[in-house]
Amino acid sequence: MLLPGAIGVGAIVPVQTAINTRLRADVRDPVVTALYSFLIGTTSLLPVAWLLTGQPLPDFALLADSPLWLFFGGPLGVAFIVGNILLFPQIGSVHTVIMPIVGQMLMGLLVDHFGLFGYEVLPISPLRLFGALIVLVATAVVLDIGRGRLWEGNAQGVSAWAWRGFGIAIGVGSATQTAVNGRLGAVIGSPIHAGLLSLAVGVAVLFILSLVLPGRSRVFRPIPVGPWWKWLGGVLGAFFVVGGALFAPILGTGLMVIAALSGTITAGQLLESRGWIGATKHPLTVRRVSGLVGIFLGVVLVRMV
C-alpha cells in the first residue's frame, strides 16, 4: 500500500491549491495567504502529534548535533509556493507546471542515485530513466502541450528561458524538501514531528516576508467570513508534508516524487472534469485519459528497480 499512499499524498496538492486560491481571493495577498496556510497546518499537527506520539513537540535533544540543512524543508516549501506565483505571469500556466516537474524528477532521481542526505543508493537504471521520461511526456499530453498553450506568458527570448530555468530550480528545491523532511523524520523518529518542524520554520520565514515586503500592515487586515472550508488548505498541506516525510525514506525520493506527481496530475484532472472547488470545468478527453494511463505506466516502470 505504500505506492498508492504516495500517489494519494500527491492528490492532496490540487485540492489544497484550489482551497488556498479561494482563501487568497479574500486575503488578497499571496504571501499572507501562504502564511495563514502554514500556520493552520502547524497548529493542526500539534494535537495529532500529541495523540499519536504522546508528546506535541519533538525531542530537540535528538537534533543537537544535526546539520543545519535538516531545517531547510520549510524554507524550500515557501520558495516553491512563492516561486510558482512569480512564474505564472512570466511563462504561463503550462510551463509553470512542467518546469518544476522536470526539476522534481531530476532531483529525486539524483538523490537516489548518489544517496544524498543519507538515503540508500538506488542507481538510475535505464528502466527508471525511461519510466521518468514516460511520466514527463504523458504529463505534457494531459496538459495539451502543442495546442496553442506552450508559449503563453509575458517573458520572451532569453528572459523566458531564464524563467524556465528558475522553474526547474524551484522543482529541484521541492524534491529536496521531500528528501530533507524524510531524513528529519528519521533523525527524530517521527514523520509527524518532522512535518511539524518543517511547517513551523515555514511560518517563521513567511511571517518575516510579510513584514519586510511592501504593505507591512497587510497581515492584520480583516478577512471576509466566506465559506468555512477556505481555511482547510493548511490542514491538507500538513498531510502532504507528513506524507512526504513518511514515504520518502521507504520508497526513495525519486519514486516518492514521481508517484506524488502522478497523484497531483490525476486529481487535478478530476477536479477540472467535475468543476469542483471553483475549478474551471474541462471534460476529460481521450487524449487526457491516455496521458493519465501513460503517467501510471511510467510510475510502475520507475518502481521496477
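Visitor: Which residues of H7 are buried?
Guide: This is a predicted model. In H7, the buried residues are Gly233, Gly234, Gly237, Ala238, Val241, Val242, Gly243, Gly244, Ala245, Phe247, Ala248 and Leu251.

Visitor: And what covers the buried residues of H7?
Guide: The cover includes helices H1 (2-27), H2 (30-53), H5 (157-188), H6 and H8 (253-274).

Visitor: How many residues does H7 have?
Guide: Helix H7 has 19 residues, 233-251. From first C-alpha to last, H7 reaches 26 Å. That is close to the 27 Å expected at 1.5 Å a residue.

Visitor: What follows H7?
Guide: Gly252 does. The phi of Gly252 is positive, near 95 degrees.

Visitor: New topic. How many aromatic pairs are there in the whole structure?
Guide: A search finds 3. One of them is formed by Tyr36 and Trp231. That pair is edge-to-face, with 6.0 Å centre to centre and 70 degrees between the planes.

Visitor: Where do Tyr36 and Trp231 sit in the chain?
Guide: Tyr36 is in helix H2, and Trp231 is in the loop between H6 and H7. They are 195 residues apart, so the pair links distant parts of the chain.

Visitor: Is Tyr36 buried or exposed?
Guide: Tyr36 counts as buried, because its relative accessibility is 16%, under the 20% cut-off. Trp231 is partly exposed, at 30% relative accessible area.

Visitor: What about the surface? Which residues make the nonpolar patch?
Guide: Phe207, Ile208, Leu211, Val212 and Leu213 make a patch of about 400 Å². Val212 belongs to helix H6 (residues 191-212). Val212 is exposed, with a relative accessible area of 52%.

Conventions
Residues numbered from 1 in each chain as written. Predicted model: local features only at pLDDT ≥ 70, side-chain atom pairs only at ≥ 80, totals over all residues. Heavy atoms only, no water. Patch = residues over 30% accessible without salt bridge, like charges linked within 9 Å, V, L, I, M, F, W, Y side chains within 5 Å. Areas by Shrake-Rupley, 256 points an atom, 1.4 Å probe, with all protein chains shown as cover. Salt bridge = Lys/Arg side-chain N within 4 Å of Asp/Glu carboxyl O. Helix = DSSP H or I, 4+ residues; strand = E, 2+ residues; numbered from the N terminus. Buried < 20%, exposed > 50% of the residue type's maximum accessible area, 1.4 Å probe, protein only. Expected span 1.5 Å × (residues − 1). Contact = heavy atoms within 4.5 Å. Phe/Tyr/Trp six-rings, centres within 6.5 Å; stacked < 30°, edge-to-face > 60°.
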